Amino acid sequence: MLARRFGDFATAEDAVQEALLDAATQWPAQGLPDNPRGWLVQVAYRRMIELVRAETARREREDRAVRREPDLRRTAPAADESLATDRDDTLVLLFLCCHPTLSTASAIALTLRAVGGLSTAEIARAFLVPEATMAQRISRAKQRIQDSGVPFRLPDQRERQDRLAAVLHVLYLVFTEGHTASLGPDLRRVDLSEEAVRLTRAMHALLPDDSEVTGLLALMLLTDARAAARTGPSGELISLADQDRTRWDAAAIAEGIALVTRAMARGPVGPYQLQAAIAALHDEAPSAAQTDWPQILALYQVLERLSGNPVVALNRAVATAMVDGPEAGLAALATLAADPRLAGHHRLDAARAHLYEMAGDRERAVAHYRAAAGGTTSLPEQRYLTMRAARLAGGAVDSRP
Amino acid sequence: MKYMLLMQFSAAGTDFPSIDTWTPEEITAHIAFMREVNGKLSADGELVQAEGLAGPQQARIVRAGAGGAPVVTEGPFAETKEFLAGWWIVDCETPQRAVEIAAHISTAPGPGGRPLNMPIEVHPIMSAPPQEM
C-alpha cells in the first residue's frame with residue numbers, strides 16, 4: 001500500500017518494519033488497538049514520511065533533485081479508511097518480487113522478506129548462508145527492480161499468465177526447500193514449507209478462481225500432510241511405501257483433496273493440479289499396494305505431455321512398473337536413458353535400482369543404489385540410497401517395519 | 001578462535017570399508033552419532049557450520065587456461081582414493097578444545113559399532129588483524 005502511494009519499494013518496506021517494531025513494543029504495554037491493521041498502516045505512513053524526509057534532506061545536501069516533495073504534502077489516511085486496495089497490493093508485490101529479471105534465488109529471498117515479512121536473519125538461516133550475503137542478495141534484487149523501472153501495478157492481461165507462473169514457481173521452490181532441509185535440528189530455523197503454504201493460501205484467497213493457484217495449494221497440503229511420517233528418528237528418509245500412514249495429517253489431506261477436486265472440475269487443468277491429483281491418490285490409499293496405480297499412471301502420462309520434464313517421465317516409468325510389472329518399467333527406463341538430460345542423472349539410477357529390487361535382481365539393485373548414492377547432492381537422499389543398498393546387500397530384504 | 005575440522009579419507013589413513021557396504025544398523029548408528037555431534041556443538045554455541053560433501057565422482061578440478069577460460073578435469077580421487085567427505089567449522093576457546101572435538105568426531109561408530117578412529121585434520125582459521133599492529 002505504501003509502496004504504491006510513494007512508488008518507493010525499499011523505503012516503504014523499512015517503514016513497515018519500523019511500524020511493526022513500534023507495535024511489538026507498544027501493544028504488550030498498552031493493549032491491542034481497536035483496529036490493529038489501521039494502526040499499523042497509520043504508523044507506517046508516518047514512519048514513511050519521516051524516512052522520506054530524512055532521505056530528502058540527505059539528497060538536498062548532496063544537491064540532488066527533490067523528487068518526492070509533493071508526497072510530503074499528502075495527509076495520512078484515517079485509520080479506519082477502507083483497505084480494499086490491500087488485496088491488489090499484496091498481489092502486485094508478489095508479482096514484483098517474482099519478476100523475471102530477478103534470479104530465482106533473489107526472487108525467493110525478496111518474496112520471503114517483502115511479502116512473507118521474515119527478517120533477513122531468518123531468511124539467511126533458512127538457506128544456511130551468512131546474513132551479510134542474504135542482505136546483499138535482497139538489496140541487489142530491490143535495486144534491480146528499481147533499475148528495471150517495472151511499474152507498481154498488476155501485469156497486463158497479455159503477460160499475466162507467464163508472470164503468475166513465475167510467482168507459483170517461486171512459492172513451490174520455497175516449499176520444496178523446506179522439505180529438503182538437512183542440517184541437524186536447528187530450532188531457530190523458520191519452517192519454509194509452512195511459510196510457502198501461508199503465502200499460497202493468501203494467493204488463493206486473492207485469486208480463488210485460478211485453478212493452478214488452487215492446484216499448487218492442494219499439492220502443498222497433500223505433500224505436507226505426510227511430513228511427520230517422512231523421516232525417522234535419526235532424520236533418515238522413509239519411502240512412501242514404508243511410511244506409517246496413521247501419522248499422515250487427515251485434515252490437511254481432506255482439505256487438499258477438496259481443493260484439487262474443485263480446481264480440476266473448473267479447469268483449465270495444469271501441472272500443479274495434476275501433481276496434486278497424484279499426491280491425493282497416494283494420500284487416499286491405505287497402503288502402497290492398494291494405491292490406484294492405473295490412475296496415477298494416466299495422470300503422469302498427461303503431466304509428461306504437458307511439461308516435457310524428464311523427471312516426470314522417470315516417475316511415469318515407475319508407475320508403469322507398478323501397473324504392468326518391473327520389466328515393463330525397466331523397458332520404459334531404457335528408452336529414457338537415451339535422453340541427454342537424464343544421462344548419468346542419479347534419479348535414473350535410483351529408479352532402476354528400485355525396479356531391479358522389485359524384480360528380485362538384488363545384485364543389480366545394489367549396484368544402482370550405490371551409483372545413485374554417489375550421484376546425489378542431497379545428504380538425506382544419499383543416506384537413504386546407501387541404506388537401501390545396505391539392506392539388500394545384507395540380505396535383510398524384508399526388514400521393513 | 002575458529003577451527004576447520006576436515007574429515008579427509010585416504011587409502012593410507014583409513015582401514016575400514018566404505019559406508020555403502022555397512023549394515024543398515026551400522027549406518028543408522030553412524031548417522032545418529034553425527035547428528036548428536038552437531039546438535040551438541042550447536043547447543044554449546046561452538047558450531048559455526050558443518051557440511052557433508054557429495055561423492056568424489058562429482059568433484060572437479062578447475063584451472064584457468066588460455067585467456068582465463070576454465071579448464072575442467074575430473075578429480076584425481078578415483079586413483080589415489082583420497083577425498084574430502086565433509087567439514088565442520090567450530091568456534092572454541094582453546095586449541096585443546098578443537099582437538100577434543102576432533103577426537104570425539106573420530107570415534108564415530110563404524111562396522112560392528114566399533115569406533116572408526118578416522119583421521120580428522122584440525123586447521124586454525126586465519127582471523128581479522130588485531131586492532132593495533
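Reply: A residue is called buried here if 20 or more other C-beta atoms lie within 10 Å of its own, with C-beta atoms placed from the backbone. The model is a predicted one. By that cut-off, the buried residues of helix α1 of chain B are B:I27, B:H30, B:I31, B:M34 and B:L41. Seen down the helix axis, these buried residues fall within an arc of 95°, so they line one face of α1(B). In general, an α-helix has 3.6 residues a turn, so residues three or four places apart point the same way.

The helix itself covers residues 24–43 of chain B, 20 residues in total. From its first C-alpha to its last, α1(B) reaches 28 Å, close to the 28 Å expected at 1.5 Å a residue. After the helix comes B:G45, with a positive phi near 75°.

What do the buried residues of α1(B) pack against? Their partners come from both chains: α20 (379–393) of chain A, and β2 (47–52) and β5 (83–91) of chain B.

Take the chain B side of this packing. Strands β2 and β5 belong to an open sheet of four strands in chain B, in the order β2-β5-β1-β6, with antiparallel pairing. β2 is one of the edge strands and β6 (120–124) is the other, each pairing on one side only. From one strand to the next, the twist averages 20°. Further along the sheet, β1 (residues 2–9) and β6(B) run antiparallel and are joined by five bridges. B:M7 has B:I120 as its bridge partner in β6(B). Another helix, α3 (residues 95–106) of chain B, packs on the sheet and touches β1, β5 and β6 of chain B. The direction of α3(B) makes about 160° with that of β6(B).

Now the chain A side. Between the two chains, 23 residues of chain A are in contact with 20 residues of chain B. On the chain A side, the elements that give two or more residues are α19 (362–375) and α20. Of these, α20(A) gives the most, with eight residues. By class, this side of chain A has nine nonpolar, nine polar and five charged residues.

As for chain A as a whole, its secondary structure comes to 20 helices and zero strands. Buried residues make up 38% of its 401 residues.

Conventions. Residues are numbered from 1 along each chain as its sequence is written. Chains are lettered from A and ligands numbered from 1 in the order in which they are written. This is a predicted model: local features need pLDDT of at least 70, side-chain atom pairs count only at pLDDT 80 or more; totals for chains, interfaces and linings use all residues. The expected span of a helix is 1.5 Å times one less than its number of residues. A residue is buried if 20 or more other C-beta atoms lie within 10 Å of its own, exposed if 12 or fewer, and partly exposed in between; C-beta atoms are placed from the backbone. The arc is that of the directions from the helix axis to the C-beta atoms. Two residues are in contact if their C-beta atoms, placed from the backbone, lie within 7 Å. Two strands pair if DSSP finds at least two bridges between them. Axes are lines fitted to C-alpha atoms, for helices over the stretch in contact, and angles run from 0 to 180 degrees between N-to-C directions. Ala, Val, Leu, Ile, Met, Phe, Trp, Tyr, Cys and Pro count as nonpolar, Asp, Glu, Lys and Arg as charged, and the others, Gly among them, as polar.
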